[in-house]
Amino acid sequence: MATMTYIDALARGMWEEMERDPAVFLIGEDIGAYGGAFKATKGFQAHFGEERVIDTPLSEAAIVGASVGASLLGLRPVAEMQFADFVTCGFNQMVVNAAKTHYRWGLPVPMVLRLPTGGYIHGGPYHSTSPEAWFFHVPGLKIVAPSTPYDAKGLMKAAIRDNNPVIVLEFKYLYRRLKGEVPDTDYVVPIGKAELRRQGNDLTVVTYGTTTGFVLDAAERLAAEDGMEAAVVDLRSLMPWDKDRVLEAVRQSGKVLVVHEDAVTGGVGAEIAATIANESFRDLDAPVRRVGAADVPVPFAPALEEAVLPDTERILAAMKELARY
């Protein structure tokens with residue numbers, strides 16, 4: 001076991017897969033000598049060469065399009081967007097070409113799209129987007145959302161080995177703030193399997209990404225202040241998501257709060273809440289509640305950003321309200 005940061009775990013997963021499989025290569029803006037916008041690929045080009053760590057022009061459409069083409073030729077591209085916000089320039093290539101090629105031609109499309117996502121870094125409206133709901137609706141795409149260094153490495157490796165296009169959400173707030181133990185061994189975290197981070201029978205909180213840490217902090221405070229125990233389910237994968245694990249937790253507690261950093265309206269939490277209401281209505285003792293960002297662009301000003309994005313205090317207040325219902 002080694003203790004490493006979240007971003008180092010992501011890099012370790014890519015490095016190991018490049019060592020294991022010569023078909024894996026990296027592509028993106030400034031990922032070579034510069035090492036990427038967040039230095040996730042620092043040292044890769046010196047070790048693997050320019051043929052496998054490819055700097056590109058400033059064209060997200062070209063990056064994603066080239067990745068789709070390379071995957072159809074038997075390679076396994078790992079494409080980086082400097083910020084998740086910029087994937088909009090490559091949106092057509094991802095949702096039309098990458099997502100639908102297997103359905104149309106029966107061909108695998110083994111590519112990974114890395115999206116440094118989310119706020120809490122005072123990046124403002126053009127560098128703080130949470131884009132998962134855009135892709136969650138598109139058949140043919142997989143989405144993973146690691147919230148720990150262990151999962152960051154394991155899900156990255158699983159994504160690279162998958163024969164489908166996989167979006168890896170990399171939560172920028174966690175990059176260098178979060179450390180954890182990561183095995184030196186070769187392992188993968190299965191895509192589509194949630195993890196129960198905390199046991200509890202009074203209510204269940206379903207979450208992923210950055211807000212997982214906030215939820216766990218809120219759950220500990222709820223236990224200390226109110227004597228209520230909350231189960232915490234970390235989805236880890238958004239598409240497919242682990243419906244069975246979520247519904248099992250719902251049956252045990254009868255009360256559910258869904259928390260994510262993205263805006264509440266039209267977010268991933270809406271689908272989870274609808275599924276719970278449809279399939280576990282008789283198990284519920286309260287309406288399914290949601291906590292997410294306000295329906296506004298993420299502001300630059302730290303005080304305004306704090307007011308827009310969910311935090312431990314807001315999550316705890318929602319948990320207490322739900323517990324009292």
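Helix H3 packs its buried residues against several neighbours: strand S2 (24-28), strand S4 (76-80), helix H4 (91-105) and strand S5 (112-117). Keep in mind that this is a predicted model. The buried residues in question are Glu60, Ile63, Val64, Ser67, Val68, Ala70 and Ser71. Look down the axis of H3 and these buried residues fall within an arc of 170°, so they line one face of the helix.

As for its dimensions, H3 covers residues 60-72, which makes 13 residues. From first C-alpha to last, H3 reaches 19 Å, close to the 18 Å expected at 1.5 Å a residue. After H3 comes Gly74, with a positive phi near 100°.

Now for the nonpolar interior. In soluble globular proteins, nonpolar side chains tend to be buried together. Here, the largest nonpolar core has 79 residues. Phe44, Met94, Leu113, Leu115, Phe135, Ile167 and Leu238 are the ones with the most contacts inside that core. Helix H1 (residues 6-20) gives the core its largest share, 8 residues. What does Phe135 touch, leaving aside its neighbours within four places in sequence? Its contacts are Val87, Phe91, Met94, Val95, Leu115, Leu141, Ile143 and Ile167. Apart from this core lies another one of 24 residues, among them Val205, Leu257, Val291 and Ala323.

Then there are the charged pairs. Side chains of opposite charge can pair when their charged atoms come close. The model has 24 salt bridges, including these:

| Salt bridge | Closest N to O |
|---|---|
| Arg114 with Glu170 | 2.6 Å |
| Asp151 with Arg236 | 3.1 Å |

Arg114 sits in strand S5 and Glu170 in strand S7 (residues 166-171), so this bridge links parts of the chain 56 residues apart. Both Arg114 and Glu170 are buried.

Lys142 belongs to strand S6 (residues 142-144), while Asp162 is in the loop between helix H6 (149-161) and S7, so their pairing ties together parts 20 residues apart in sequence. Lys142 is partly exposed, at 21% relative accessible area, whereas Asp162 counts as buried at 13%.

Key
Residues numbered from 1 in each chain as written. Predicted model: local features only at pLDDT ≥ 70, side-chain atom pairs only at ≥ 80, totals over all residues. Heavy atoms only, no water. Helix = DSSP H or I, 4+ residues; strand = E, 2+ residues; numbered from the N terminus. Expected span 1.5 Å × (residues − 1). Buried < 20%, exposed > 50% of the residue type's maximum accessible area, 1.4 Å probe, protein only. Arc of directions from axis to C-beta. Contact = heavy atoms within 4.5 Å. Core = buried A, V, L, I, M, F, W, Y, C linked by side-chain atoms within 4.5 Å. Salt bridge = Lys/Arg side-chain N within 4 Å of Asp/Glu carboxyl O.
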